[in-house]
Amino acid sequence: MPWGKRDDMVVHEVSPYNAEPSQSGLATSDITPIDTFYSRNHGAVPDIAIEDWRLEVDGLVESPLSLTFDELTSQFERSTVVATLQCAGNRRAGFNEIRHIEGEDPWGSCATSTAEWQGARLADVLLAAGVRRDNGAHVAFLAPDVSELASPPQPYGSSIPLPKALSCEVLLAWRMNGEPLPELHGGPVRVVVPGFIGARSVKWITTITVQIAPSDNYFQSTAYRLLPADADPETAAQGAGLSLSSIALNSDILVPDDGAVIPAGPLTIRGYALAGDDLGVARVDVSLDDGVTWRQACLQPQRSPWAWQLWSLGVEVPRGELRITARAWDSTGALQPESAAALWNPKGYVNNSWARVTLNVCG
Ligand SMILES: Nc1nc2c(c(=O)[nH]1)N[C@H]1C(S)=C(S)[C@@H](COP(=O)(O)O)O[C@H]1N2
Ligand SMILES: [Mo]
């Protein structure tokens with residue numbers, strides 16, 4: 001397998017490489033091993049030698065910086081954060097069953113993974129540059145990988161609001177699960193924005209600009225926007241729809257697989273649940289009778305406020321067709337929306353509807 005990934009990755013595109021782990025692979029541990037972690041790319045992976053890498057920090061700052069890798073890694077305090085990345089296109093396949101989405105990868109449940117990231121706090125680097133705390137400012141990220149999804153082609157970029165950029169969980173990371181950050185995942189250095197959609201965690205970061213407006217990069221201003229169901233993404237105006245930032249409350253069933261044939265008797269149902277920025281998962285309910293009755297899954301302890309929680313529930317299953325439904329509640333008492341049809345949007349983002357699998361239980 002390319003990029004040292006497991007053999008059972010579901011590869012949506014070879015080039016640029018877009019792949020998610022198998023459901024059972026992802027369910028194995030709450031920190032996802034590097035060889036299992038999903039990867040989402042919009043252009044060719046750049047090959048950047050550590051000696052050549054520079055980070056420019058400019059815009060609304062008193063003293064712009066140009067840092068080498070040695071300077072970044074030696075001059076700033078190291079911070080470690082366990083954080084889940086989730087692509088906004090996670091679970092798009094569920095939307096395709098309602099109305100097919102052209103030109104976007106049909107991600108299943110596993111464009112979501114969790115790692116222990118280590119690096120410098122973005123806030124410390126911004127403070128070292130003398131960031132001006134202008135109300136409503138944004139911090140824009142730019143990388144060298146060029147994507148042909150934009151016309152004309154553009155390097156990948158995005159932005160986050162300044163208050164989020166100054167939060168202690170946002171990192172410029174150069175280590176992942178205790179190893180040097182792999183090239184595929186943004187090495188030498190990437191941004192990790194816990195609690196926000198994966199698209200904001202810019203890999204191969206080379207330029208950080210503090211500015212009054214959000215980034216006008218294609219991946220901030222045009223892609224990763226939630227359009228109304230009747231909009232045409234080809235003709236929608238730049239800035240139409242809403243810009244996605246905080247991830248949505250979500251959960252899914254990882255084991256057993258949809259469509260599996262399993263023996264009657266004891267079954268352990270397993271999955272993950274993840275709440276939005278600054279929120280926690282309060283409860284995961286599982287139903288074996290299409291939502292007439294529910295029981296509560298057992299949630300694994302949370303590794304950090306920015307990490308998903310794996311959950312499990314042991315049940316006894318009789319012969320016949322078995323339909324399993326799961327849904328998560330967050331710490332504000334909000335519940336995942338029931339139907340994917342109600343959430344369908346033309347780019348297929350944020351399918352956080354109730355999880356459902358159908359199985360055949362044999363004797
Ligand atoms: N430079 C750059 N950064 C990027 C991307 C990209 O294509 N180029 N993809 C983004 C998206 S949409 C996601 S979901 C995450 C995926 O990170 P991973 O490949 O480490 O899983 O990276 C984000 N950062
Ligand atoms: Mo993504």
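**Loops, a strand pair and a ligand site**

Let me start with a loop: Pro-188 lies between strand S10 (179-180) and strand S11 (190-192). Strands here are DSSP runs of E, at least two residues, numbered from the N terminus. The bond joining Gly-187 to Pro-188 is a cis peptide, with omega about 10°.

Before I go on, this is a predicted model: local features need pLDDT of at least 70, side-chain atom pairs count only at pLDDT 80 or more, and totals for chains, interfaces and linings use all residues. Residues are numbered from 1 along each chain as its sequence is written, chains are lettered from A and ligands numbered from 1 in the order in which they are written, and side-chain values use heavy atoms, with hydrogens and water left out.

Another cis peptide bond joins Val-255 and Pro-256, with omega about 0°. Pro-256 is in the loop between strand S15 (250-255) and strand S16 (261-263).

Next, positive phi. Asn-177 is not a glycine, yet its phi is positive, about 50°. Its place is the loop between strand S9 (171-176) and S10. Is Asn-177 buried, exposed or partly exposed? Asn-177 counts as partly exposed because its relative accessibility is 22%; buried means under 20% relative accessible area, exposed over 50%, and partly exposed in between, with a 1.4 Å probe and protein chains only. Val-350, also a residue other than glycine, has a positive phi near 55°. Val-350 sits in the loop between strand S22 (320-330) and strand S23 (355-362), and at 22% relative accessibility it counts as partly exposed.

Now the strand pair. Of the nine residues in strand S5 (residues 78-86), seven are buried. S5 pairs with strand S6 (residues 112-121) in the antiparallel sense over nine bridges; pairing requires that DSSP finds at least two bridges between the strands. Within this pair, Ala-83 has Ala-115 in S6 as its bridge partner.

Last, ligand 1. A backbone N or O atom of Tyr-38 is 2.7 Å from an oxygen atom of ligand 1. A polar backbone atom of Arg-40 lies 3.1 Å from a ligand oxygen. For Arg-190, a side-chain N or O atom is 2.7 Å from an oxygen atom of ligand 1. Taken alone, ligand 1 exposes 530 Å², and the protein buries 100% of that, the areas coming from the Shrake-Rupley method with a 1.4 Å probe.

Methods:
Helix = DSSP H or I, 4+ residues; strand = E, 2+ residues; numbered from the N terminus. Polar contact = N/O pair within 3.5 Å; in protein donor to acceptor, adjacent residues only side chain to side chain.
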